[in-house]
Amino acid sequence: MPAHPPSLVDNFGRQVTYLRMSVTDRCDFRCVYCMSEEMTFLPRSQILSLEEMAQVGRAFVELGVTKIRLTGGEPLVRRGVMQLFRTLGALDGLEELVLTTNGSQLPRYAQELRDAGVRRLNISLDSLDPARFRRITRTGRLEKVLEGIEAAVAAGFDRIKLNTVAMKGRNSDEIVPIVDYAVERGIDVSFIEEMPLGAVDGRDRGEGFMSSDEVRGIIETAHTLRPTPETTGGPSRYFRIPGSETRIGFISPHSHNFCESCNRVRVTVEGLLLLCLGQEHSKDLRAVLRESPGDQEALRRAIADSMAIKPRGHDFNAQRMDRPAVLRHMNVTGG
Ligand code: SAM
Ligand code: SF4
């Protein structure tokens, strides 16, 4: 048994039970808020192997983590990634294995993911108009993503949630149509405020920024929203649309009031354990993995010790959307 108690508690008394892990920095899309058109991706030697990722996931679960989200980049473009899903899905003590995806590979993988033990999916969708979808993602085909969403609905996941980054002048007139699309399928949708992560070319982030309050006002022109107390310990607030299965979430990373209940950490594709999305506090798990290959106790110790440097909170600021608060791009950190 581990020398450390199976629990990760930081200096502010918060228990970490949720790990978000980026499995690749690569992607088949180039969304305007996430990446530049030309991206240089990390060389293979710098990123964790799928086996190392499985080892990291296992160490966290041994330390009391009950939920793992795989994200990226686009997780489903990493070759062999289904084996990682199956290995993590079989871990004793892991209650929830979930995935964030752009949906492009779901026509092929939805059923396999469900069979590997993935319970819930988040699928990003910023527009229902093919030409606009193309402009936002630069390379994406809407048709493939909609096909992926239907495949996911058919595969019988516990819940499916759409993620929409709301942007003035880009998709603000599609907020109600996207809600209607979700209601018709009995799935959820969360609207995300854009975060200043990494420099992106060709646009000023501040210009298109839409607050959750603005988005909520638009939805309420067409639907009644009933607040629910549901929470994931993160920056989301949820509402229900009476008479439907759909929950509407608002993710407001700029607000501070979720930091005190923060239950999560992230591991980047390079194996950097990030204690807070908006701060640089980190621990290099790749170094630990490669200095003592196979030493699960050393890995657990490094993770447990890093709880001492989890900061109290982030300092994103909506007024400073022109300047990245943190130089990492979202695809490296994992959204
Ligand atoms: N490729 C997958 C996808 O798009 O769902 C997973 C990774 S992506 C980085 C995770 C989520 O982060 C997506 O829902 C995306 O819309 C969101 N995202 C990316 N950059 C963002 C930013 N600067 N601000 C807010 N959300 C962002
Ligand atoms: Fe790729 Fe997701 Fe980033 Fe879009 S948001 S470029 S799909 S990683």
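These legends accompany several close-up views of a predicted model. In this predicted model, local features need pLDDT of at least 70, side-chain atom pairs count only at pLDDT 80 or more, and totals for chains, interfaces and linings use all residues. Residues are numbered from 1 along each chain as its sequence is written, chains are lettered from A and ligands numbered from 1 in the order in which they are written, and side-chain values use heavy atoms, with hydrogens and water left out.

View 1. Helices (H or I, at least four residues) and strands (E, at least two) are DSSP runs, numbered from the N terminus. The protein has 335 residues, and 58% of them are buried. Buried means under 20% relative accessible area, exposed over 50%, and partly exposed in between (1.4 Å probe, protein chains only). A contact means heavy atoms within 4.5 Å. Take the contacts between residues at least 6 apart in sequence: 75% of these join residues at least 24 apart.

**View 2. Strand β3 pairs with β2 and with β4.** Strand β3 spans residues 96–101, and five of its six residues are buried. Two strands pair if DSSP finds at least two bridges between them. Strand β2 (residues 67–71) runs parallel to β3, joined by four bridges. Arg69 has Val98 in β3 as its bridge partner. Between β2 and β3 the chain passes through helix α2 (residues 81–89), in a right-handed β-α-β crossover. Right-handed here means that, with the strands pointing away from the viewer, the path from the first strand over the helix to the second runs clockwise. Strand β4 (residues 118–124) also pairs with β3 in the parallel sense, over five bridges. Here Thr101 stands opposite Ile123 in β4. A right-handed β-α-β unit is made by β3, helix α3 (residues 106–115) and β4.

**View 3. Ligand 1 is surrounded by 19 residues.** A residue is near a molecule or strand if one of its heavy atoms lies within 4 Å of it. The closest are Tyr33, Gly73, Thr101, Ser124 and Met195. A backbone N or O atom of Gly73 lies 3.0 Å from a nitrogen atom of ligand 1. For Thr101, a backbone N or O atom is 3.1 Å from an oxygen atom of the ligand. A polar backbone atom of Met195 is 2.7 Å from a nitrogen atom of ligand 1.

View 4. Just after α6, Gly186 takes a positive phi of about 65 degrees.

**View 5. Strands β8 and β9 form a hairpin with six residues between them.** The two strands pair in the antiparallel sense over five bridges. Ser236 stands opposite Ile251 in β9. In the turn, Gly243 has a positive phi of about 85 degrees. Strand β7 (residues 226–228) is antiparallel to β8 (residues 236–240), with three bridges between them. Arg226 has Arg240 in β8 as its bridge partner. Arg247 is found in β9. Arg247 counts as buried because its relative accessibility is 15%. Beyond residues up to four places away in sequence, Arg247 touches Arg159, Asp188, Val189, Glu230, Phe239 and Arg240.

**View 6. Helix α10 (residues 296–306) is largely enclosed by the rest of the structure, because eight of its eleven residues are buried.** Among them are Leu299, Arg300 and Ile303. The buried residues of α10 pack against α1 (50–62), β11 (272–274), β12 (282–284) and α9 (285–291). At the start of α10, a side-chain oxygen of Asp295 reaches to within 3.2 Å of the backbone nitrogen of Glu297.

Terms used:
A polar contact is a pair of N or O atoms within 3.5 Å; within protein, one must be able to donate a hydrogen and the other to accept it, and residues adjacent in sequence count only if both atoms are side-chain atoms.
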